[in-house]
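Trainee: Could you walk me through this one, a bit at a time?

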Amino acid sequence: MNERIVPPRPHDRLFAVLAVVLAVLLLPVALVRHPGRARELACHWALGIRFPAEDLTGFTDGARAAFTAARAEALWRHGQLIGLTSGYRDPLVQQRLFDKEVQRVGSPAAARMLVLPPAESRHVKGTALDVRPFEGARWLEEHGARYDLYRIYDNEWWHFEHHPDADLPHMTQEIRNALQAR
């Protein structure tokens, strides 16, 4: 991540510790409920309390499974929280975001630096996710390839996409450029 460093807020570490403790406490219930996915389920419940506005609906099955598995590993193995700020977007919502950005910056070309029109947006396709906090995004950039989750844009530390067809341990700049050109 070659952009400015976002300093962690003092309470972020406390939230991470509390989420791990809560996940551990919820694990027995999750084991009863869904033995094969207990760690993911306990993680989902614990992070649902930390990030209550999250909405995982609208993702493709692959993107949802990849994100769920990645954030469970981040929590259980590394004590790192990964929250979702934005996932699937309805085409009309994406169009409004694009139009608003065009109005703000003055041209469609400039707007495309931060928001794509619905026909090109991976959010509309259900395979893009915006995450928080910065430390979670850093973890996902380092470990996300195992889940086919890649940070695509140099100017958006929070934006990741599910690309199961990439099949690379780390996506090269050439692949990023090709994906951006789509």
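Trainee: Let's start with Phe 134: buried or exposed?
Mentor: Phe 134 counts as buried, at 3% relative accessibility. Buried means under 20% relative accessible area, exposed means over 50%, and partly exposed lies in between, using a 1.4 Å probe and protein chains only. Bear in mind that this is a predicted model, in which local features need pLDDT of at least 70 and side-chain atom pairs count only at pLDDT 80 or more, while totals for chains, interfaces and linings use all residues. Residues are numbered from 1 along each chain as its sequence is written, and side-chain values use heavy atoms, with hydrogens and water left out.

Trainee: How many aromatic pairs are there?
Mentor: The count comes to two aromatic pairs, where rings of Phe, Tyr and Trp (its six-membered ring) pair if their centres lie within 6.5 Å, and planes under 30 degrees apart count as stacked, over 60 as edge-to-face and the rest as tilted. Phe 134 and Trp 157 form an edge-to-face pair, with 5.2 Å from centre to centre and 75 degrees between the planes. Phe 134 lies in helix α7 and Trp 157 in the loop between β3 and β4 (159–162), so this pair ties together parts that are 23 residues apart in sequence. Helices (H or I, at least four residues) and strands (E, at least two) are DSSP runs, numbered from the N terminus.

Trainee: And which ring does Trp 157 meet besides that?
Mentor: Trp 157, itself buried at 17% relative accessibility, also pairs with Trp 158: the ring centres are 5.6 Å apart and the planes stand at 85 degrees, so this pair is edge-to-face too. Trp 158 counts as partly exposed, at 26%, and the ring pairs link Phe 134, Trp 157 and Trp 158 into a cluster.

Trainee: Okay, new topic: how many salt bridges?
Mentor: A search of the whole structure finds nine salt bridges, each being a side-chain nitrogen of Lys or Arg within 4 Å of a carboxyl oxygen of Asp or Glu. One of them joins Asp 130 to Arg 89, whose closest N and O atoms are 3.2 Å apart. Asp 130 lies in strand β2 (residues 128–132) and Arg 89 in the loop between β1 (83–86) and α4 (91–105), so the pair ties together parts that are 41 residues apart in sequence.

Trainee: Are Asp 130 and Arg 89 buried or exposed?
Mentor: Asp 130 and Arg 89 are both buried. In the salt bridge of Arg 104 and Glu 101, at 2.7 Å from N to O, Arg 104 is exposed at 58% relative accessibility, whereas Glu 101 is buried at 11%.

Trainee: How many residues apart are Arg 104 and Glu 101?
Mentor: They are three residues apart in helix α4, which means that Arg 104 and Glu 101 are separated by about one helical turn. Arg 112 and Glu 120 also form a salt bridge, at 2.5 Å from N to O, and here Arg 112 is partly exposed at 33%, as is Glu 120 at 27%.

Trainee: What's the strand order in the sheet?
Mentor: The open sheet has four strands in the order β1-β2-β4-β3, with antiparallel pairing, and two strands count as paired if DSSP finds at least two bridges between them. The edge strands are β1 and β3, each of which pairs on one side only. β1 and β2 pair in the antiparallel sense over three bridges, and Ser 86 stands opposite Asp 130 in β2, the residue that forms a salt bridge with Arg 89.

Trainee: What holds such strands together?
Mentor: Strands of a sheet pair through backbone hydrogen bonds, either parallel or antiparallel.

Trainee: Last one: which peptide bond is cis?
Mentor: The cis peptide bond joins Arg 132 and Pro 133, with omega at about -15 degrees, and Pro 133 sits in the loop between β2 and α7 (134–143). Another backbone detail is Asp 148, which has a positive phi of about 60 degrees although it is not a glycine; Asp 148 lies in the loop between α7 and β3 (149–151) and counts as partly exposed at 21% relative accessibility.
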